[in-house]
Amino acid sequence: MADELILGIDLGTTNSLGAYMTPGGPVVIRDASGNSLVPSVVAFGTDGAVTVGSQARTHAVENPLSTVYSVKRLMGKGLADIREDLKFLPYAIDPGPNDTVAVRIGDGLMSPPQLSAIILREVRSRAEAALGRPIVQAVITVPAYFDDAQRQATRDAGRIAGLNVRRIVNEPTAAALAYGLDRKEDATIAVYDLGGGTFDISVLRVSGGVFQVLATNGDTHLGGDDLDMEIINLVTDGIRSQFGQEITFPPATRQALRDLAEAAKIRLSTQQQAPIEIDMGDGRVYRRTLSRQEFEVRCGKWINHTIEHCQMAMADARLTPGNIDQVVMVGGCTRIPMVLARVGEFFGRTPYTAINPDEVVAMGAAVQAGILAGMSRDTLLLDVTPLSLGIETLGGAVGKLIMRNSTVPCQASEVFTTYVDGQTSVDIHVLQGERELVADCRSLGKFQLRGLPPMPAGAPRIQVTFLIDANGILSVSARETRSGREASIQITPSHGLNKDQIDGMVKDSYKFARQDMNAHRLIDIRNEAGRILTAIDKALADAGSILSADERTLLDTAVADLKGWLDRTSQPAQPPDDDQLDAFYQIIKAANDAATPLTQAQMDSVLDKTVKGRKLTEL
Ligand code: ADP
Ligand code: MG
């Protein structure tokens, strides 16, 4: 049974996906283009063809009656239970046997478990294709508030899909498992899940590896669709006022509007503006730009509702936000900056976002599957950081902030600066590993600090802080102290590596220690040389005339030598040895000495106001 593979499946209202456990942690199943999400949509063609996922979604335009989405809302329900939902679902629903419902497809009827099984089968076959082996075992997740009938219907769906459902797991519990929170002695966790059509807030208590649901609250009709609808309304209002009230939208246009609104919403999670362009089909084109601020004004009320539900859940659990030890973000809509900010504000702590919010439930299902299959989770244990952590500095070197074997929790901070005049953004590239060069370390993630006021090179003070909390979650933040601009990222550095790989990386660092050190020194010297050349150029422009002819010749020769050396070392076949490095120092020193009369003449120049620290790459 050691070889047994159990697939973890998040069977969502809007999207479904699978993940599996490896010694290095859970891994999400992706298709060739890297997509993990399978839209939970099933379409039935007149020719009998059944399509699932994104393909089925496009089908919805022409055949709304034979395109089934949101089937999760019907699982384990009777007709009386779904009165509310009926208003939203375009396909026909009939009563089914034993107080269930059935969806009418052509002349036939299909039960919700049968429809869900089609989605499960798709997730399963994608996993089989990715792993190259048959899969029959699964763990499937459901909302914490699902009752027995709904859980049973989910089990049935698995059975119909040919899966042996080893366990049904609560979605919030799975999310907490993905973050390794089951290893907490005792903790209270809030899981905030804002998906496509539903909002759930769950309060969990974990103690000795056992999860208990203290409270659940939410709204089964509040999600990304509502935010899309706000954008659609904004746009249709705009179109009507620009082109006349008589405009009506055919179904295909309505679907196009929906896709466009969703795309704009997603864009606004990372950009301040989203361009919107709609071809009216009659030669007229509607154009407008939607700003993040407009979006936030329109959607604020929905976010407020979610916070009200959080308040109710707290009251039900007899807790206050201050009692919550950890907040976990789940659902695609938690990528919206305002959502993150409001939730953080309510609970008074930064929520966990290190794992993709639309993949975290499937990853947790995989963790549960791994536990069932008897896989040990030792490699995820993080009492000390197994490898050093740092960021990329100018020239492809790694500036380490946290050394390997530091006990967690821990924090480290260092000030960096820029290399180019007027630089308004920097890239922060987070790396893990023992080697000196970026190319030899493992990239954990990247983010950008933007909107810096233009300053001379070396003037900005960019404070980079690494913080690893007791659960092993790494937060990296960068703050330019003069302007107060800030950006950050969260990462789970333990995912994806097993003990052997870690040992291998440490061994390599010994093997290549000397070579790496010299490669790093070369980068530092080259950076220093570049800085000196720029300073000399500036000084020559400002005060070149004070030099005597001899001084000028001396300086020109030294500069030419330095440039020649820079050219020769731009792509060294192998790192230089100590003697070569020492010789390079002499060349730099010569240039520096030759420039002394100049630099003395303009002592209070920019040069001396600069931070003589490590420098970050320009964007
Ligand atoms: P569910 O759990 O309901 O099946 P998901 O967690 O996959 O759904 O969430 C789907 C929703 O997340 C959709 O409304 C989608 O538009 C939204 N979404 C996905 N990515 C982003 C993003 N980057 N910014 C804002 N919303 C997003
Ligand atoms: Mg979900």
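Predicted model: local features only at pLDDT ≥ 70, side-chain atom pairs only at ≥ 80, totals over all residues.
A polar contact is a pair of N or O atoms within 3.5 Å. For lysine 265, a polar side-chain atom is found 2.7 Å from an oxygen atom of ligand 1, and for asparagine 15 the corresponding distance to an oxygen atom is 2.8 Å. Taken alone, ligand 1 exposes 580 Å², and the protein buries 90% of that area.

The surroundings of the ligand can be described more fully. Ligand 1 is surrounded by 17 residues, and the closest are Thr14, Asn15, Glu262, Lys265 and Ser269.

Elsewhere, attention turns to a sheet. Strands of a sheet pair through backbone hydrogen bonds, in either a parallel or an antiparallel manner. Here, three strands form an open sheet in the order β8-β9-β10, and their pairing is antiparallel. Because β8 (93-96) and β10 (108-110) stand at the edges with a single partner strand each, one side of each is left without a neighbour in the sheet. On average, neighbouring strands of this sheet are turned by 45 degrees against each other, direction ignored. Three bridges join β9 (residues 100-105) to β10 in the antiparallel sense; arginine 104, for instance, has leucine 109 in β10 as its bridge partner. Helix α3 (residues 112-131) packs on the sheet, where it touches β9 and β10, and its direction makes about 70 degrees with that of β10.

Technical notes
Residues numbered from 1 in each chain as written. Chains lettered and ligands numbered in written order. Heavy atoms only, no water. Pairing = 2+ DSSP bridges. Helix = DSSP H or I, 4+ residues; strand = E, 2+ residues; numbered from the N terminus. Axes fitted to C-alpha atoms, helices over the stretch in contact; angles between N-to-C directions. Contact = heavy atoms within 4.5 Å. Near = heavy atom within 4 Å. Polar contact = N/O pair within 3.5 Å; in protein donor to acceptor, adjacent residues only side chain to side chain. Areas by Shrake-Rupley, 256 points an atom, 1.4 Å probe, with all protein chains shown as cover.
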